[in-house]
Amino acid sequence: GKKATTPIFSKTRKTKVMPSRIRRWMSAVWTRRKNWRFFAVSPSTAQARAAMSFAKALSASKRTRNMYKQIDERIKKVEGFSLSSPYGKGDSIGQPLSVKSIGMVRVYTESGVYGLGETYSGVYAPELIQPIVGFLEQYFVGRLVGDDSIFNNIKEIPFIGGNGILQSVFSAIEIAIWDVRGKILEIPTSQLMGDNCRTEVPLYA
């Protein structure tokens, strides 16, 4: 008449066997806060605490990510330039003879803080960086640094706004603006762009 229970000890081995219902309970560790929910599989208290700490870090990262939108500074100037140096024997297809160049963009704010961005189109047409930046500058000067909508205006330029060298130079301006945001807040730009993170990177050979 006794109710059957899951044995704690294996009959064939002298080792402890944890009942499946207890394993399931221990492996499900839920941590809940205001705007997030984190799930971690962890049979040990130490791992559970580590999962809780990680979840708190994600929540803090989400708050950090939105901080740049409160920046009350406007863009004052955008300038483009190229840096060149001797390179190779002049046999690189599409590149200026014997010269390796990079295209750079610098975005200034009203307070004098500036950010840097690079465009790969400077490798092939370094002389076009400055005039293209000069054309695009009108879409950024006077706009708030933390306003994400400033990135949408370029794409709305008919025919040339969504691709080609114009889009390449625009990407350098966007990088420079993100650099400015991080400098003003004194926070790594990677933390402002998103809360995705990892502590390990899978490799294969």
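A polar contact is a pair of N or O atoms within 3.5 Å, one able to donate a hydrogen and the other to accept it.

The mean pLDDT of the protein is 75, and 61% of the residues reach 70 or more. Over residues 6-16, the pLDDT is below 50; apart from near neighbours in sequence, that stretch has 10 contacts in the model. Where do the lowest and highest confidence fall among the elements of the protein? The lowest is in strand β1, residues 28-32, with a mean of 42, and the highest is in strand β5, residues 114-119, at 95. Where pLDDT is low, the predicted coordinates should not be read in detail.

I turn now to the sheet. Three strands form an open sheet in the order β3-β4-β5, with antiparallel pairing. Its edge strands are β3, residues 75-86, and β5, each of which pairs on one side only. Neighbouring strands are turned against each other by 25° on average, with direction ignored.

How many bridges join β3 to β4? There are 11, and the two strands run antiparallel. Within this pairing, Pro-86 has Val-99 of β4 as its bridge partner, while Ser-85 stands opposite Lys-100 in β4.

Helix α5, residues 164-185, lies across β3, β4 and β5, and runs at about 150° to β5.

Let me now consider two residues of strand β4, starting with Ser-101. This serine is found in β4, which covers residues 99-109. Is Ser-101 buried or exposed? Ser-101 has a relative accessible area of 1%; because buried means under 20%, Ser-101 counts as buried. The side chains of Ser-101 and Ser-84 are joined by a polar contact of 2.6 Å. Leaving aside residues up to four places away in sequence, Ser-101 touches Leu-83, Ser-84, Gly-122, Val-123 and Pro-126.

The second residue, Arg-106, also lies in strand β4. Arg-106 stands opposite Leu-116 in β5. With which side chains does the side chain of Arg-106 make polar contacts? One partner is Glu-79, at 2.6 Å between the side chains, and another is the side chain of Tyr-108, at 3.5 Å.

Beyond residues up to four places away in sequence, Arg-106 touches Lys-77, Val-78, Glu-79, Phe-81, Tyr-114, Gly-115 and Leu-116. Finally, Arg-106 and Ala-172 are 66 residues apart along the chain, and their C-alpha atoms are separated by 8.7 Å.

Definitions and conventions
Residues are numbered from 1 along each chain as its sequence is written. This is a predicted model: local features need pLDDT of at least 70, side-chain atom pairs count only at pLDDT 80 or more; totals for chains, interfaces and linings use all residues. Side-chain values use heavy atoms; hydrogens and water are left out. pLDDT is the predictor's confidence in each residue, from 0 to 100. Helices (H or I, at least four residues) and strands (E, at least two) are DSSP runs, numbered from the N terminus. Contact means heavy atoms within 4.5 Å. Buried means under 20% relative accessible area, exposed over 50%, partly exposed in between (1.4 Å probe, protein chains only). Two strands pair if DSSP finds at least two bridges between them. Axes are lines fitted to C-alpha atoms, for helices over the stretch in contact, and angles run from 0 to 180 degrees between N-to-C directions.
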